[in-house]
Amino acid sequence: MKRTVLVSPTPLLACALLGLVASNAVAAPKADSSRPNIIFILADDVGLGETSFTGGDKFKTPHIDALAKGGTHFDHCYSMPMCGPSRFTLLTGRYPFRTGLASNNSFGKANAGAYRPAQPEVMISSVLKDAGYVTAAAGKWGQMPEEPSKWGFSESLGAGNGQYWKGGYTLNGKKETLEEGKYMPDLTHEFIVDFIGRHKDQPFFIYYPMIHIHIPIQNTPDSKPDATNDQLYADNVAYMDKLVGKLVAELDRLKLREKTLIVFAGDNGSIRQPAFAPVKGRLISGNKASMLEGGSRGPVIANWPGTTPAGAVNHDLADFSDFFTTFAELSGASLPQGVTLDGHSIAPQIKGEKGTPRDWVYVELMGKSFVRDARWKLANDGGFFDLKDAPFNEIPVAKDTTDAAAIAAKKKLQAVLDDHQAAPWDEQVRLGKKPAVKDTAAPKKPKKSKK
Ligand SMILES: [Ca+2]
């Protein structure tokens, strides 16, 4: 089987890979006392305007804010702009053009069984399991291929997109139907609490993709019967926050907080228009599915009491591919051999150390991509922007600019884009009509001979 190997890196790419090499170098397992439990809470469609610690004006998220107050807010950490690509990048540590999962339909129902990657992907769950962690996935498993157990999750509860009050779900591979009157987000929380209770004495990894606040927006158990649509939206934000608070309270009760790293993040930007959820009175540029700041720059917190600096804001560039290498480093796990990983560990920053921050982040969705550094952004359609007022404004830079800094930055970013070319896009995939990637592993059908 063909394996992807590390290609000759450009100087920039080499810089980005330094973290990976460093991770490899410290891959020896550590004593259990230094290996944290890891819980990754991934909220669905929660942008900067929907959490109050990021300055969202209309919503109150006191429990999530408390995580930020007790931990570090990574305010330049980029997801992909849509659920499926974002989650697959997060879990594999690889960009969409490498995995083929460049849209929600790349592994969607219409293509079930049609996608055969040239190289089997490895999720962080497998890596941590091999390092002695017990692993669980609980919440939305939509847009992911296969069952969680195939990806190294010891236990799992898998629900669909925006599944609140009815429908089927999968419990440890077995199909179940949600009981009438049962609320899927509560069931997910109960599953996690039960899992933690049974595994509190060994290192665990929990991938917790919350059901909230994906559409359809419905009543929560706390909603009033006559709530307006906008009130229901706020109710969903509040319930998400309440569940985060309940989970933290459970960890407190079990005296696990200082042994547990919690990461809270939104998987992509808000589905609502920027005017619906302003930040400190201003409108974010773009929202979910856009190649703008509001598509990918969301709330991200790392909280590990006693280790992560409390109340800090870290401005280093980071993206969702980074968590794979970060978690491997924190757990002392070995990285999979022969796999090109895009991540750049932020384990040092999580521990309050300086680290070696990335020079740029990469974002891709359905044939579109961009790369940005601390100031400038270059898209694969040639758009070039000054981000000095981001995430509110992305200022176009004229093609004939004479600004030496802009010219140098554009050249540097173009080299990164040349090394990271978005997967070719076929609109039919978005419509669920064609597989995203040719089935290179499948035998060719013999041609019918005409008689
Ligand atoms: Ca999403």
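Select Pro 391 first: in this predicted model, Pro 391 sits in the loop that runs between β16 (384-386) and β17 (395-396). Ala 390 and Pro 391 are joined by a cis peptide bond, with omega at about 10 degrees.

**The sheet on either side of that loop**

Now select β16 and β17. These two strands pair in the antiparallel sense over 2 bridges. To find one of the paired positions, click on Phe 385, whose bridge partner in β17 is Pro 396.

As background, the strands of a sheet pair through backbone hydrogen bonds, and the pairing is either parallel or antiparallel.

Go next to Pro 216. The peptide bond from Ile 215 to Pro 216 is cis, with omega near 0 degrees. Pro 216 is found in the loop between β8 (204-209) and α7.

Just after α7, stop at Lys 255, where phi is positive at about 55 degrees.

Select residues 184-199, which are helix α6. The 16 residues of α6 should span 22 Å at 1.5 Å a residue, and the end C-alpha atoms are 22 Å apart, which agrees.

Which residues of α6 are buried? They are Met 184, Pro 185, Leu 187, Thr 188, His 189, Phe 191, Ile 192, Phe 195 and Ile 196. When reading such a list, keep in mind that an α-helix has 3.6 residues a turn, so residues three or four places apart point the same way. The buried residues of α6 pack against β4, β5, β6 (168-171), β8 and α7.

**Strand β5**

From α6, move to β5, one of the strands it packs against. Of the 5 residues in β5, 5 are buried. Both faces are covered: Glu 155, Leu 157 and Ala 159 lie on one side, with Ser 156 and Gly 158 on the other.

Then show the strands that are joined to β5. β4 and β5 run parallel and are joined by 5 bridges; Ala 136 has Glu 155 of β5 as its bridge partner. β5 and β6 run antiparallel and are joined by 2 bridges. Here Leu 157 has Leu 171 of β6 as its bridge partner.

**Two residues with positive phi**

Glu 146 is in the loop between β4 (134-140) and β5 (155-159). Its phi is positive, about 60 degrees, although the residue is not a glycine. Is Glu 146 buried or exposed? Glu 146 counts as exposed because it has 11 C-beta neighbours inside 10 Å, and the cut-off for exposed is 12 or fewer.

Now select Asp 45, in the loop between β1 (37-43) and α2 (62-69). Asp 45 is also not a glycine, and its phi is near 65 degrees, a positive value. This residue is buried, with 24 other C-beta atoms within 10 Å.

**Ser 331**

The next selection is Ser 331, in helix α9 (residues 322-331). Ser 331 counts as buried because it has 26 C-beta neighbours inside 10 Å. What is Ser 331 in contact with, leaving aside its neighbours within four places in sequence? The residues are Arg 35, Leu 128, Ala 131 and Tyr 133.

**The whole chain**

Of its 451 residues, 49% are buried. Among contacts between residues at least 6 apart in sequence, 69% join residues at least 24 apart.

Methods. Residues numbered from 1 in each chain as written. Predicted model: local features only at pLDDT ≥ 70, side-chain atom pairs only at ≥ 80, totals over all residues. Buried ≥ 20, exposed ≤ 12 C-beta atoms within 10 Å, placed from the backbone. Contact = placed C-beta atoms within 7 Å. Helix = DSSP H or I, 4+ residues; strand = E, 2+ residues; numbered from the N terminus. Pairing = 2+ DSSP bridges. Expected span 1.5 Å × (residues − 1).
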